[in-house]
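Open the model in a viewer and keep the selection panel at hand. The stops below are taken in order.

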Amino acid sequence: MKTKHQGWGWMLAVDFFFAGMGGGMLVIAGIIELFIGGGNTSLLGNILGPLFMCVGCGFLVLELGRPLQAWRVFMNPKAILTIGAWIMSIAIVSGFIYASFGIASDAIFWKDWTFFRQFFALVNIVTGLVVATYPGVLLGRHKGRPFWVGPGIMALFLLSSMVTGAAAHLFSGFLVSAPVSQEVLNNLPGLVAAMLFLQVVLWCGYIWIKLTGTTEAEAASAKRWLNGDLADGFKFLFLLMGTVLPLVMVLIPTILTQGIGSLLVLLGGVSMRMLVVRSGEDRTWLPGEQKYRARLPLGCEDFMKKVWDNK
Amino acid sequence: MARYAMVMDTRRCIGCHSCTAACKVNNELPTDIIYNPVTTVGPTGVFPDLHMSNLPLICMHCENTPCVDACPTGASIRRDDGIVYVDDPKCVGCLSCVMACPYGARVKNHDTGAVQKCDFCKDRVAEGKLPHCVKTCHQKARVFGDLDDETSEVFKLVNSSNATRLLGELNTEPFVFYIFEKR
Amino acid sequence: MSKKVDLNQPGIEVKKSACYFCHQNCGVLAHVKDGKVLAIEGDPDFPTNQGGLCCRGNVALQHLDHPERVNYPLKRVGKRGAGEWQQIPWQQAIDEIAAKLSSIRSQYGAEAVATAGGTQRTDDWARRRFMNLFGSPNGFHNAHLCWIPTFMVETAIYGWCPFDLDLGSSRCIVLWGQNPGASGMPEAHHISELQEKGLKVIVIDPRFTETASKADLWLPLRPGSDLALALAWIHVIIYEGLFDQEFVAEYCEGFGELADHVAEFSPEWAAPLTWLTPDQIREGAMMYALNKPGNIQWGTSVDQIGRPAGATMHARAILRALTGNLDCPGADLLTGPSQDYLTDEEMEGNEFLPEAQRAKQIGSDKFKLVTWPGYSKISELTRKTWGKAPTAEWMCEAHPPSVFRAIASGDPYPVKALLMAATNPLASYGETDVVLEALRKVEFMVACDYWITPSAMFADYIMPIAGALERPIITNSYGCADFMLASQRAIQPMYERRNDFNFWRDLGVALGQEENWPWKTVEEAYYSAIAPIGYDVESFDEFVERYRFHFPEREYYKYKRQGFATPSGKIELYSTVLKDLGYPPLPEYVGPTENEVDHPELAEKFPLVLTTGGGFMPFHHSEHFQIKDLRFLRHAPYMDINPRTAAELSIKDGDWVWIETARGRMKQKANLTEGIHPKVIYTQRCWWYPEKDKRDIEFGGELGGALISNGNILTSTADKDCDPYSGAWANRGLLCRVYKVSEADQKEVK
């Protein structure tokens, strides 16, 4: 149904991608810090975590109808988006502070304050987890969007955040080594491969359940992924290029394959979110509504654009 | 305190779209914005055994507003009398409410960047007048009033056995009710 | 919400105006300050709409000062159709037009000047008066499509047309080809209310319309086959003993002849012709005959079926007489012309038109009923009984297609000038090719209009006319009914717009008619019309402000006192009036204008049956396509086609398709719907595209898209296809074919 687009667009998908990846990176770095020890992740990776979150915020602000008023999103504590905004702000600050501990410079006078490093690592884990999860929670609570509604999408988003975060750390490690030891980073490919495998299983399960075990509206929305306008993107971009291919590639122990594999994981992450946002165009349509809206003008018609005068 | 509600009698609605036009024109909406479409359901069946009806849609002014819950800036407000509206200066156009509403009641204004929607013509209601869509309807298919007033027509219609809600299973608790034909 | 108007501010006057965008003329309150209308709303105290206002009424303010409105007289300076204009003062335009008309009159005779109108609602009694004083018999409207043939046939049969339905106590209404749900909202509401109290509604319509969907019985007949249906109903009512024996015996002539005549017209005979089952036909007849009192609400569709039209109207009229549903409570009332106020006929000045000129009325030799021959005979009869005659500006007109042909060909004599008021003939008169040729060839043309329409594009002068809120209105069915509703103007016309009354008067004065135009303003004219009623008012505005309506006491069964205005004084089922005019005294069966039984070779090429002309919101005929808020609600034309037929033609919902008849083809988008018979096609009427270049094709324009999706490209006005009684041409019951628009012709109509 061709109608004028009224809703979230690709910029929000990109925001979800960067924010989720950043959140995942913070969680991973934080867990490694607390359970294995400091210096096992690349400085680049530690900086990219919060930096990606900033990039995500940037896209979020650009998506707004009134970007200059963006500060208002902090104002309503009852909204998930507000809570998310606050937590993400804390995560960004905490993330940068944590990363700063790894900067080899005398200006960083706090770099040996281990307690604080671990404190911020903990904050990173908690806030990063929230940032990695809340978009999925946000979408899952949309009663009127059949593809999103339900608890399943929360897991899919969290998983994607984690796997893209892991892949980003892996890739960062190729560019800038971890100060203390590369060993943890060298074990990341296995983790990434395992998560990618889980991703295939969960996505196939999600779509199959939507298609066969839920409401008519949900089944219709899932059909778009199977043989509708989202099918090519889903099967080729996300499943093949973004999940299965990198799964194979990261298991091949060369920097080239693992490097490209990591980037493909990121491709998978962004394409997944684009598809999900587009599938949000489906609403719990009311009787007769689709036909009515399909017949409305799109705005590009001559009579819409014409400046009427009596010449 | 009043509790405003509207009842749509689809047995009477004849699908003339006057309510849509009246709202658009009197509220000076941008050309491409409609607050209250009237859809046509059918004709269903096979010629000549057919059935057709019309469904006037509008913001449902819910009790459990998904839109107000989703709004990060507090621009989306539900009053005690049930009217849900947008406080324009606070709206940043994040479209969370647009995505949250299962009824498609909210629209983005591409010129101002903000979101707007039906507010039951609250300024007219404050003066004791009817919303434009109700007043303009020749068929008298739309009834508006205070549900807390037991003498009101809305009260009688809502409490009769045939008033129902759209998408009631979503628990939004809309305060726009529908009367459908008995088949 | 931006501009909020404070209606309580000081200095606001509330004017009791009217909507004016259709014949219902719903009451509108206009809030005026300092000569500007600040807001409008439906008048809650007006009896017909009670505060309601449809799509069209709501855009009054956008219409009033739309940037495309013609505000000053325009004079053509380039070639005809090139769209080059010079603004000139009103009086200069009048003087130049008068001079030209005068010169045409001395060279070719007054009959060489014709005038064309639209749905009327304008002060066409003034147009008629001008023409009568000028000496030309060639004024016309789209009347042939709208009620007038029906009016005159029914008047021939029972002495007036019973078009005033006394619905209050009615038990059944037949909506014969009428869809008030999409066009006449107060009527739709009235019917809905009564349905809730038990009124039975029968809808005769090929389409499952808004109104049909709420009916108790829907008869989806083959377009144009109404005559077979009506004859079969007569048969059922007579042969199953459902007629009112007393009433027929005492008040009807010709029952025996009628009974013999319809003996063969059983439901079984009618079924294959109407595509209904005998049971459906019987059910309808019985529902009407047994639920008394009942009404038959005429719709304009029977006026538009062409060749069978007159006979159909006669047959339909007989139904009321057989059941006694005439001039009694709950039925259709013979109100007669008002005895209280001056009717339009009394203001038209027909006495000024000499007999010799009347005889020159184009079309009156071919089609007698709604031209001087028929009108003279019938008005003589009505004057005897009622004291007055029906309005001539509707009931006695030149035959429009014949006038257009005369303009183009000079046959029967040259017609050199066309003055159009409130009409866009390219959109609304039949057989667009004929109209277009006339508009291109006419020597002199004036258009009185709100807009520069594609038709006005060919004018030598365009005169700006006052529209809704700028004019006072009397709603009284042109003096054909006894009641009256009055509305005042909210403001004086803006810019240099004038009432059309003033155009005709000013033109008349410039041509020496001044002594016969005693009223200077519309209000003065209206006041002189209503003064005889005897209300204690000094002006028309005072009447509106203090009284607004005049509903005389209803007298039922008038025929018991005065008989019927026919030669015999009774209802003439066997009509001597029609016979004297050379028409069958009983309705003879004739098939639809183009049909598969009588024209099998045509049906091979054009296998589907076409109906056009049905109205739809938010437009009215060809009006409002340039009002963006309304155009947004329906921006492209859709034709109705059954999904099975569409599948056979590989047409999907929303595809652009060609609809073609023997006259030509046009394109609309496909609306697949079960609400229409698989062999029937419906096209929306009057579509044009004001956003397109309105200049003629040879100048690089597109005539405002008037040739793209216009239903009248398909219709026929050939003499053989017109109703022999009235000359009403054929919009419905034609044969057509449908096929997809190919990629190559997909000149995207955006």
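**Stop 1: a helix in chain B**

Select residues 18-26 of chain B, helix H1; nine of its nine residues are buried, so the helix is largely enclosed by the rest of the structure. This is a predicted model. The buried residues of H1(B) include Ser18(B), Thr20(B), Lys24(B) and Asn26(B), and Cys19(B), Ala21(B), Ala22(B), Cys23(B) and Val25(B) are buried as well. Next pick Glu28(B), which follows H1(B) and has a positive phi, near 50°.

**Stop 2: chain A against chain B**

Show chains A and B together. Here 32 residues of chain A are in contact with 35 residues of chain B. On the chain A side, select helix H3 (80-100) and helix H10 (289-294), each of which supplies at least two of the residues that touch chain B. The largest share, three residues, comes from H3(A). Colour this side of chain A by class to find 12 nonpolar, 12 polar and eight charged residues.

**Stop 3: two helices in chain C**

Which way does H8(C) run relative to H13(C)? Select residues 226-239 and 309-323 of chain C: the axes of these helices, H8 and H13, come within 8 Å and cross at roughly 25°. An angle under 35 degrees counts as roughly parallel, so H8(C) is roughly parallel to H13(C). Their crossing is left-handed.

Now show side chains at the contact. From H8(C), the residues include Leu227(C), Leu231(C), Trp233(C) and Ile234(C); from H13(C), Ala315(C), Arg316(C), Ile318(C) and Leu322(C) are among them. By class, the contact residues of the two helices divide into 12 nonpolar, two polar and two charged.

Technical notes
Residues numbered from 1 in each chain as written. Chains lettered and ligands numbered in written order. Predicted model: local features only at pLDDT ≥ 70, side-chain atom pairs only at ≥ 80, totals over all residues. Contact = placed C-beta atoms within 7 Å. Helix = DSSP H or I, 4+ residues; strand = E, 2+ residues; numbered from the N terminus. Nonpolar A, V, L, I, M, F, W, Y, C, P; charged D, E, K, R; others polar. Buried ≥ 20, exposed ≤ 12 C-beta atoms within 10 Å, placed from the backbone. Axes fitted to C-alpha atoms, helices over the stretch in contact; angles between N-to-C directions. Parallel < 35°, antiparallel > 145°, perpendicular 65-115°, else oblique. Left-handed = near helix turned anticlockwise from the far one by under 90°.
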